Amino acid sequence: MTEQADRRADATRQQILQAAAHEFATRPYSQVNLDDIVARADVTKGALYFHFRSKHALANAVIEHRAERGWATVEQLRTNGLSGLETTIDVAYVIAVSDIGEADARAGLNLLEAVGRFDGLQAKVLDVWVNGFAALTRRAIGEGDVVERVDPEQTARLLVSMYLGLRQTSNLDEPESFIRDLESLWMLVLPGFANPEKLGYFAGFIRRRSALAVKNAVPLRANNL
Amino acid sequence: MVRQARSEATRRRIIDSAVALINEIGYPASGLADIIERAELTKGALYYHFESKEAVATAIIEEGMDTILGAFRSSGRSGSPAMENIVHGWFVVADAITADSVAQAACRLLRTFGGFNPAAKAAYGVLEAEFAERVRAAVEQGDLQSNIDADAVVATVLASMLGAELVSSAMTDGRDLRRRFARTLEILLPGIVTEDSIGYYREFLARQSMRILPSS
């Protein structure tokens, strides 16, 4: 293939991924129809099958695409000069805001629950998150923001479970209440691992981020009008 | 292509030589002859790239300010309050200056030229405009006192921080820049931040000033 054809194929693949993210973000997996994706991406069905051999393969690609982008954001936050616990909270809010307003973030997490479970992809993606939060927690222990008796892995697991659970019990299409629920959960778990002397500061840190997230979050449906 | 690369390398050598001299003995004492000698180049090579000593200075101001403004911009995150970004931003700027000799020379040149060099004047203008944007956002987010004049905050904080940089550069060769920035902000915060927020920002500032940036 020539370089130009390569580029064109790559652009088509991106178009399909984007259209698929939109469909998977707004509908359950079982109700997503490949014809709708083809129509939205403005490509032929042949083109879709050239890049993805099935709906399942397409869903996996959406998960992986999102996982890569998600970690790029975290890497950026990690070198931003904030402490381990501050960064952890920042990451949590960045994830929530993108989950509320960005199709590929929402689709990635929806699919992780729907299809990721069966071929190890879910375990792989969640492992990356757990390891990332565990590393931040270890740093936070060194900085004195998290108490020493805490197990970084378990704390990381708790934070990931908490967020995935919140997606089930709260409503991403109501940004303000979703963020308030996230704030309540954080306030509730924080005393379990944070240094008691710093709880006041971190409560302020969380409250400020909630207020901004409520302002910044644009619901997905409004985004697509 | 090869010629272009060689030409770029020559220009680099001139700037690096001038930066080293300006940081060691100051701009007035650094003659063109010294710059040429240190760069091990001919006069012709220098004049091919720069028409005067001030043209070299202008190039240094532009490059150094790009670094400093780039650091300030990268310190702003949309998910964090603007007032946090203001405090955080100054420490990121301090670290950028400490780490980069061109930025240090640029700061010295800004003081030397003030408004007499268009590049220096423009640099102050851009810094002020970008800083004002954060201050206005902080007012809007309710962290600054409600009756405060945003322009006065911009002018006062900017002048104090630039002054702190000057004194730090003069007294300790910039080694205590972070500490001077921290102390200056400590004194300024109560005058601009609301009573509700002051406790939080004192703590945020204390944490920031103690932090060593993880190398990226």
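**Chat about a two-chain model**

Trainee: Which residues does A:E183 touch, leaving aside its neighbours within four places in sequence?
Mentor: Bear in mind that this is a predicted model. With those neighbours left aside, A:E183 is in contact with A:Y93, A:I206, A:R207 and A:S210.

Trainee: And where does A:E183 lie?
Mentor: You'll find A:E183 in helix 9 of chain A, residues 175-189.

Trainee: Buried or exposed, that A:E183?
Mentor: A:E183 counts as buried, because its relative accessibility is 13% and the cut-off for buried is under 20%.

Trainee: What does its side chain make a polar contact with?
Mentor: With the side chain of A:R180, at 2.8 Å.

Trainee: Switching topic: at what angle do helix 1 and helix 4 of chain A pack?
Mentor: About 95°, and their axes are 10 Å apart. Helix 1 of chain A covers residues 3-26, and helix 4 of chain A covers residues 55-78. The two are therefore roughly perpendicular to each other.

Trainee: Which residues meet there?
Mentor: From helix 1 of chain A, they include A:I16, A:L17 and A:F24, and from helix 4 of chain A, A:L58, A:V62 and A:H65 are among them. By class, that contact has 9 nonpolar, 2 polar and 2 charged residues.

Trainee: Now the chains. How many residues does the contact take from chain B and chain A?
Mentor: It takes 23 from chain B and 20 from chain A. Between them the chains bury about 1700 Å², with 50% of it on carbon and sulfur atoms.

Trainee: Which residues in chain B lose the most area to chain A?
Mentor: B:R77, B:Y200 and B:R207, together 35% of what that side buries.

How values were computed. Residues numbered from 1 in each chain as written. Chains lettered and ligands numbered in written order. Predicted model: local features only at pLDDT ≥ 70, side-chain atom pairs only at ≥ 80, totals over all residues. Heavy atoms only, no water. Axes fitted to C-alpha atoms, helices over the stretch in contact; angles between N-to-C directions. Helix = DSSP H or I, 4+ residues; strand = E, 2+ residues; numbered from the N terminus. Parallel < 35°, antiparallel > 145°, perpendicular 65-115°, else oblique. Contact = heavy atoms within 4.5 Å. Nonpolar A, V, L, I, M, F, W, Y, C, P; charged D, E, K, R; others polar. Buried < 20%, exposed > 50% of the residue type's maximum accessible area, 1.4 Å probe, protein only. Polar contact = N/O pair within 3.5 Å; in protein donor to acceptor, adjacent residues only side chain to side chain. Buried area = accessible area lost by both parts, 1.4 Å probe.
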